[in-house]
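Please read this briefing alongside the sequence and the structure, which is a predicted model. The points below are grouped by topic.

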Amino acid sequence: MDKQTYLSEHLTSSSVAALGNSSKLDCTRLTPHFTLGELTKTNTGIENVPNEEQVNNLKRLCGWLEQLRRRWNNIYGDGDDPIIINSGFRSSEVNKAVGGVPTSNHTTGCAVDIRCIGIEQAIRYASLLLDISDLNKEDFDELLIEQKAHIYWIHFAVKPRGNRRRTNFKR
């Protein structure tokens with residue numbers, strides 16, 4: 001099945017199926033606050049369309065992101081603060097182009113990089129994700145606070161099985 005047919009049959013309603021790929025991805029909701037478009041965006045110019053299994057992984061991951069968003073807004077936010085995704089799913093080609101490791105959880109739709117406004121927000125996001133894991137009695141694969149210069153983000157991954165609950169701070 002080619003990617004165009006896949007999108008038409010598995011991701012979108014028939015009214016959206018008439019749109020181009022990027023519009024389909026932008027319009028397809030994985031959860032109430034996260035779209036397939038924002039989880040597949042790339043500035044590489046390389047096509048970045050996930051298959052059905054990768055979409056299912058993204059949906060699972062977005063369930064965690066919805067909980068993070070809700071908890072953040074209940075405790076720290078203004079009631080409707082978004083969780084901003086820097087990077088989600090990456091095709092093998094996109095992953096290679098951005099310097100990702102070949103075994104990256106991004107290539108399976110199991111990982112996101114969440115934008116943070118400084119180290120304090122990164123620590124709070126990490127703490128909330130740990131709480132969510134404990135409360136739901138569900139493990140995650142990776143929860144990493146990452147830094148490059150003065151920019152911080154959370155790399156968060158959840159696999160369908162075999163999660164390692166790996167945490168770290170990476171510079």
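In this predicted model, Ile-119, Ile-123 and Phe-169 make up a nonpolar patch on the surface, and together they have about 240 Å² of accessible area. Ile-123, one of these residues, belongs to helix 7, which spans residues 118–136, and it counts as partly exposed because its relative accessibility is 48%, not over the 50% that exposed requires.

- Strand 3 and strand 4 (residues 111–116) run antiparallel and are joined by two bridges, with Ser-87 standing opposite Asp-113 and Ile-85 standing opposite Ile-114.
- Strand 4 also pairs with strand 6 in the antiparallel sense, here over six bridges, and one of the residues concerned is Ala-111, whose bridge partner in strand 6 is Ala-157.
- Strand 4 is mostly covered, since five of its six residues are buried.

- Asn-95 sits in helix 6 (residues 92–97) and is classed as buried because its relative accessibility is 2%.
- Leaving aside residues up to four places away in sequence, Asn-95 touches Arg-90, Gly-100, Val-101, Pro-102, Ser-104 and Thr-107.

**Salt bridges**

- Counting a side-chain nitrogen of Lys or Arg within 4 Å of a carboxyl oxygen of Asp or Glu, the model has ten salt bridges.
- Arg-69 forms one with Asp-80, the closest N and O atoms being 2.7 Å apart, and this pair links distant parts of the chain, with Arg-69 in helix 5 and Asp-80 eleven residues apart from it in the loop between helix 5 and strand 3.
- Arg-69 counts as buried because its relative accessibility is 10%, whereas Asp-80 counts as exposed because its relative accessibility is 53%.
- Arg-165 and Asp-134 meet through their side chains in a salt bridge of 2.8 Å, N to O, which joins the loop between strand 6 and strand 7 to helix 7 across 31 residues of chain.
- Arg-165, at 31% relative accessibility, is partly exposed, and Asp-134, at 45%, is also partly exposed.
- Arg-164 and Glu-142 form a salt bridge of 3.1 Å, N to O, with Arg-164 in the loop between strand 6 and strand 7 and Glu-142 in strand 5, 22 residues apart.
- Arg-164 is partly exposed, with a relative accessible area of 49%, while Glu-142 counts as buried at 10% relative accessibility.
- Arg-164 and Glu-142 are also members of a network of salt bridges that links them with Asp-141, Lys-159 and Arg-166.

Conventions. Residues numbered from 1 in each chain as written. Predicted model: local features only at pLDDT ≥ 70, side-chain atom pairs only at ≥ 80, totals over all residues. Heavy atoms only, no water. Patch = residues over 30% accessible without salt bridge, like charges linked within 9 Å, V, L, I, M, F, W, Y side chains within 5 Å. Areas by Shrake-Rupley, 256 points an atom, 1.4 Å probe, with all protein chains shown as cover. Helix = DSSP H or I, 4+ residues; strand = E, 2+ residues; numbered from the N terminus. Buried < 20%, exposed > 50% of the residue type's maximum accessible area, 1.4 Å probe, protein only. Pairing = 2+ DSSP bridges. Contact = heavy atoms within 4.5 Å.
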